[in-house]
Amino acid sequence: NISSPFNLPVLERKISKINSAFLAFGSNVGDRFANINNALSLLQQNEKVNIEKVSSLFESEPMYFKDQSPFMNGCIEITTQLTPHELLELCKKIEYDELKRIKHFDNGPRSIDLDIVMYINDKGEHILINDETLVVPHPRMLERTFVLEPLCELISPTHIHPISAEPIFSSLQEIYKKQDPENELWVLNPLPGQSRFLKYKSVTKFNCFDNSYNRSLVSPTYLMAIINTTPDSFSGDGMLDNDIDMQLKHIKELCDKALQLSDSIILDIGGCSTRPNSAQASNEEEFERTIPLIKAIRESNTLPNSKIILSIDTYRASMAQKAIEAGVDIINDISGGSFDKDMFKVIAKNARVSYVLSHIRGDISNMVTLNDYTEDKSENEEFIYGEKSTSSETSFIRTISRELAKSYEKAISEGIKRWQILLDPGLGFAKNGKQNLAIIKNLPIMKNYSVDLNDDTYVSFRNLPVLLGPSRKKFIGTITKDDEPKDRDFATGALVASCIGNDTNIVRVHNAIECGKSVKIADTLYRDIE
Ligand SMILES: Nc1nc2ncc(COP(=O)(O)O)nc2c(=O)[nH]1
Ligand SMILES: Nc1nc2ncc(COP(=O)(O)O)nc2c(=O)[nH]1
């Protein structure tokens with residue numbers, strides 16, 4: 001387990017707001033994720049450096065010299081009192097002295113590479129350097145999607161490159177328009193255990209009808225199967241008695257069928273119903289219903305464990321910690337960290353565990369009364385696809401996104417890394433039926449949303465995976481006149497296909513066998529996946 005280097009309490013954050021710099025990191029030798037985490041940890045430990053932001057994690061085929069392993073890349077934003085040359089010295093010291101990098105040849109394999117991409121002084125001016133040891137901005141940054149893509153998560157869409165005098169966003173768009181496979185990237189969510197990741201690939205497609213270029217997912221949608229061990233889940237599929245053998249038998253049948261259509265399956269174990277106004281299970285009850293089953297799944301040698309990604313649906317920090325110790329990969333928290341103040345700290349301490357950050361207002365008992373989004377209280381500058389947006393058409397989805405961006409910023413400030421986060425707009429959590437449909441329809445806008453939050457913090461949802469959970473919810477039954485949740489699977493399948501058409505990364509369903517077929521059809525139709 002790599003301890004998170006960023007879980008310094010806010011008060012201890014170093015005052016180093018003099019200059020800022022953007023660094024690119026890369027690794028393609030050894031445990032790439034550990035190398036990167038260790039390098040960032042060593043940077044953070046320097047008293048003249050403070051890591052302000054970390055991008056998503058990317059994987060890409062090697063550029064220039066092809067005959068080597070795929071690289072893991074990303075970018076960070078730091079504030080620093082070091083000069084550019086002192087910063088270069090620190091990067092080299094970390095690469096060679098601390099992490100024992102051996103340089104074979106230019107563009108060759110490396111355990112870690114830290115490059116200065118841009119350096120900006122306290123007046124906000126780009127520092128330009130071109131001497132025999134250092135060139136800033138990095139001379140090859142504008143030809144590298146593995147630098148520009150992560151960088152565009154950290155800078156505003158209007159950020160101009162000091163040499164090209166073009167917005168850096170535009171340079172990236174121009175590379176993508178070439179539609180060259182060499183420039184394609186995978187986005188990764190790390191999972192416990194070396195080389196286990198959730199992976200998503202987007203490519204740029206030309207739309208001949210309106211001559212536009214759009215990015216869309218081409219990797220398979222992940223199926224998250226709900227394993228309700230609560231007796232009172234609204235969908236009535238709770239496995240009443242905690243009969244582990246019965247549950248394992250059900251899970252085996254589920255996996256055998258579902259894995260005929262996909263390479264992996266996420267099992268979301270839930271021991272506490274979050275149906276509106278439902279009575280909340282005690283800690284003990286939730287523990288008894290979930291942890292023994294998680295352990296039994298991980299200890300089973302009849303289940304296809306290498307293809308099973310385990311999630312626990314809990315808003316309790318203590319439960320999350322116990323589930324991580326029992327072998328869970330993802331914490332699925334419907335509360336966005338708002339029900340338990342310790343949740344973010346638990347996630348931050350487990351750098352390889354992923355976390356579903358959901359939008360909600362209020363709590364289980366009052367969220368149904370909190371779905372008034374008419375007042376667009378945005379005093380923030382908001383962007384959609386990099387363009388400023390204030391239109392009333394997008395007011396609702398911008399409000400959801402803005403509130404979720406504030407939860408995201410709080411999670412990051414408590415040490416969670418961007419690459420751990422999956423977003424969920426929370427269908428049915430402080431939303432009525434029409435609003436749930438509006439979220440699904442406007443999902444591409446949320447995925448391409450960014451905002452300048454008050455304390456001049458820029459948050460972008462670019463590349464963050466999205467999970468949607470429409471399955472068997474009341475808004476479906478209202479439309480199809482199905483009072484019984486179990487009768488809503490066919491309609492859920494139709495809705496799941498629309499979610500996939502709108503670029504969702506993961507869908508959470510009750511009937512994983514039947515909805516797994518909707519996922520397969522939709523992936524084949526929208527993502528050209530055989
Ligand atoms: N995908 C990918 N390919 C690469 N090829 C060469 C270099 C060498 O970069 P340098 O010029 O900064 O040493 N770095 C990468 C990399 O980080 N990712
Ligand atoms: N990430 C996520 N988790 C969830 N957990 C429970 C429910 C409530 O539905 P259930 O009781 O049928 O599980 N919905 C969600 C959801 O929409 N997203």
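## Exercises on a predicted model

Of the 14 residues around ligand 2, the ones that come nearest are D313, N332, D424, K473 and H510, where a residue counts as near if one of its heavy atoms lies within 4 Å of the molecule. The model is predicted, so that local features need pLDDT of at least 70 and side-chain atom pairs count only at pLDDT 80 or more, while totals for chains, interfaces and linings use all residues. Residues are numbered from 1 along each chain as its sequence is written, chains are lettered from A and ligands numbered from 1 in the order in which they are written, and side-chain values use heavy atoms, with hydrogens and water left out.

**Exercise 1.** Describe the polar contacts and the surroundings of ligand 2.

*Solution.* Begin with the side chains, taking a polar contact as a pair of N or O atoms within 3.5 Å. An N or O atom in the side chain of D313 is 2.7 Å from a nitrogen atom of ligand 2, and a polar side-chain atom of N332 likewise lies 2.7 Å from a nitrogen atom of the ligand. Turning to the backbone, an N or O atom of G469 lies 3.4 Å from an oxygen atom of ligand 2. The protein buries 97% of the 410 Å² that ligand 2 exposes when taken alone, the areas coming from the Shrake-Rupley method with a 1.4 Å probe. By class, the shell consists of five nonpolar, five polar and four charged residues, with Gly counted among the polar ones.

**Exercise 2.** Which residues have the most contacts inside the largest nonpolar core, and which element gives the most to this core?

*Solution.* A nonpolar core is a set of buried Ala, Val, Leu, Ile, Met, Phe, Trp, Tyr and Cys residues joined through side-chain atoms within 4.5 Å, and buried means under 20% relative accessible area, exposed over 50%, and partly exposed in between (1.4 Å probe, protein chains only). The largest core has 86 residues, and those with the most contacts inside it are I265, L267, I294, I297, I331, L423 and F461. Helix α9 gives the most to this core, with eight residues; helices (H or I, at least four residues) and strands (E, at least two) are DSSP runs numbered from the N terminus. Apart from this core lies another, of 38 residues, among them A24, F58, M63 and F146.

**Exercise 3.** Where does F396 lie, and with which residues is F396 in contact, leaving aside its neighbours within four places in sequence?

*Solution.* F396 belongs to helix α9, residues 395-413, and counts as buried because its relative accessibility is 14%. With contact meaning heavy atoms within 4.5 Å, the partners of F396 are Y373, Q435, A438 and I439.

How values were computed: A polar contact is a pair of N or O atoms within 3.5 Å; within protein, one must be able to donate a hydrogen and the other to accept it, and residues adjacent in sequence count only if both atoms are side-chain atoms.
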